[in-house]
Amino acid sequence: MTSNNMTEAEPVAPSEAVPAKSVDDRLIDELVGRAQAEGLQLTGEGGLLQQLTKRLLESALEGEITDHLGYDKHDPAGKNGGNSRNGTRAKTVLTDVGPVGIAVPRDREGSFEPRIVKKRQKRLSGVDEMVISLAAKGLTTGEVQAHLAEVYGAEVSRQTISTITDKVLDGMAEWQNRPLDAVFRYAARQDWDKIARVLKPVYTATTEEAALDRFAEFADAWGKKYPAIVRLWENAWEEFTPFLRFDTEIRRIVCTTNAIESVNARIRRAVKARGHFPNEQAALKCVYMAIMSLDPTGKGQARWTMRWKTALNAFDITFDGRLSAARQ
């Protein structure tokens, strides 16, 4: 039986889901607004970013020890259950926003191994990457030290900076020992440009016959002074002639020196900024970091691919689709 006093319930429209990003944006706006209202600076010592970093790190550490022990903080399940929390210890770590003091939780058995900030870790990984990036731009250890002190208020010793940059040594050794093609210089430096001008018509010739004619002219002009160069070309002629069948775009890519010049310019800039090096290893480390900094994220490879579109099409046609097949 239905009561006269009861009315049919009106359908309730479901509440519209709020995208997570909108919630995050509102939270950020609220935090920034409160900081500004309270006169709290966003960056620098004691600023909002440092406080947020502290809270995030401590929250992550608390989650780690909860996973380690198997119960939440103040949970009665942990009472008389063997291992338990044993307070915290103070620790200061250097972060992207400067030094941050955090409370690291401990357990009674001493078996807790934090991962977000490991034992004896004094810097977060982003700091090491920043130091290596600054060094790759040619800054000395003293200049990196001054930069960290001025921008982040962090006191970092020169020895620490040197230790951080030494992390590239393993990669540098591997890079140094990579296999290289043999390269020989048979001519005096003052003749390089002249020889290059006379050889250019050889490798830009449209046919093998035309290339032979141009090479004969080169041999007549320079063969007496540099017979080893003529012999080198003659011995390698069979390997060279397939190059003449390539499309113009492929030849241009093979012959261009822009990429090499770009690398050399970066190395010269880094070396000039440093001025001098205490030993050979320091010089090699500077060169290696300068080269690695050319494309630290790998995104440059995508840009270079775009610039190679015409040449890539020519390669794909010349090699019967093998290039596009490899990308599938």
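**A working chat on cores, aromatic residues and a pocket**

Student: Which residues touch the most other members of the largest nonpolar core?

Tutor: In this predicted model, that core has 17 residues, and Ile195, Val202, Phe218, Trp233 and Phe240 touch the most other members.

Student: Which elements give two or more residues to this core?

Tutor: They are α7 (192-203), α8 (208-222), α9 (227-235) and α10 (237-240). The element that gives the most is α8, with 4 residues.

Student: What does valine 202 touch, leaving aside residues up to four places away in sequence?

Tutor: On that basis, valine 202 touches Ala211, Arg214, Phe215, Trp233, Trp237, Phe240 and Leu244.

Student: Turning to the rings, how many aromatic pairs does a search of the whole structure find?

Tutor: The search finds 9 aromatic pairs. One of them joins tryptophan 233 and tryptophan 237 in a tilted arrangement, with 6.4 Å centre to centre and 50 degrees between the planes.

Student: Are tryptophan 233 and tryptophan 237 buried or exposed?

Tutor: Tryptophan 233 and tryptophan 237 are both buried. They also belong to one aromatic cluster, together with Phe215, Phe218, Phe240, Phe243 and Phe246.

Student: A change of topic: which residues of helix α15 are buried?

Tutor: In α15, which spans residues 309-318, the buried residues are Ala311, Ala314 and Phe315.

Student: Why do the buried residues of α15 line one face of the helix?

Tutor: Viewed down the axis of α15, its buried residues fall within an arc of 100 degrees, so they line one face. Asn313 and Ile317, on the other side of α15, are exposed.

Student: What follows α15?

Tutor: Aspartate 320 follows α15, and the phi of aspartate 320 is positive, near 55 degrees.

Student: Finally, the second largest pocket: what space lies in it?

Tutor: The second largest pocket holds about 540 Å³ of space. It is lined by 14 residues, of which Asn258, Ala259, Trp304, Arg307 and Trp308 are the closest to its centre.

Student: Which helices each supply at least two residues of that lining?

Tutor: Those are α11 (248-255), α12 (258-274) and α14 (299-307). The largest share of the lining, 5 residues, is from α12.

Conventions. Residues are numbered from 1 along each chain as its sequence is written. This is a predicted model: local features need pLDDT of at least 70, side-chain atom pairs count only at pLDDT 80 or more; totals for chains, interfaces and linings use all residues. Side-chain values use heavy atoms; hydrogens and water are left out. A nonpolar core is a set of buried Ala, Val, Leu, Ile, Met, Phe, Trp, Tyr and Cys residues joined through side-chain atoms within 4.5 Å. Buried means under 20% relative accessible area, exposed over 50%, partly exposed in between (1.4 Å probe, protein chains only). Contact means heavy atoms within 4.5 Å. Rings of Phe, Tyr and Trp (its six-membered ring) pair if their centres lie within 6.5 Å; planes under 30 degrees apart count as stacked, over 60 as edge-to-face and the rest as tilted. The arc is that of the directions from the helix axis to the C-beta atoms. On a 1 Å grid over the protein atoms alone, a cavity is a set of points where a 1.4 Å probe fits but cannot get out, and a pocket is an open set with protein on both sides within 12 Å along at least five of seven lines; lining residues have an atom within 4 Å of a point. Grid points are joined across faces, edges and corners, and a volume is the space filled by probe spheres set on the points.
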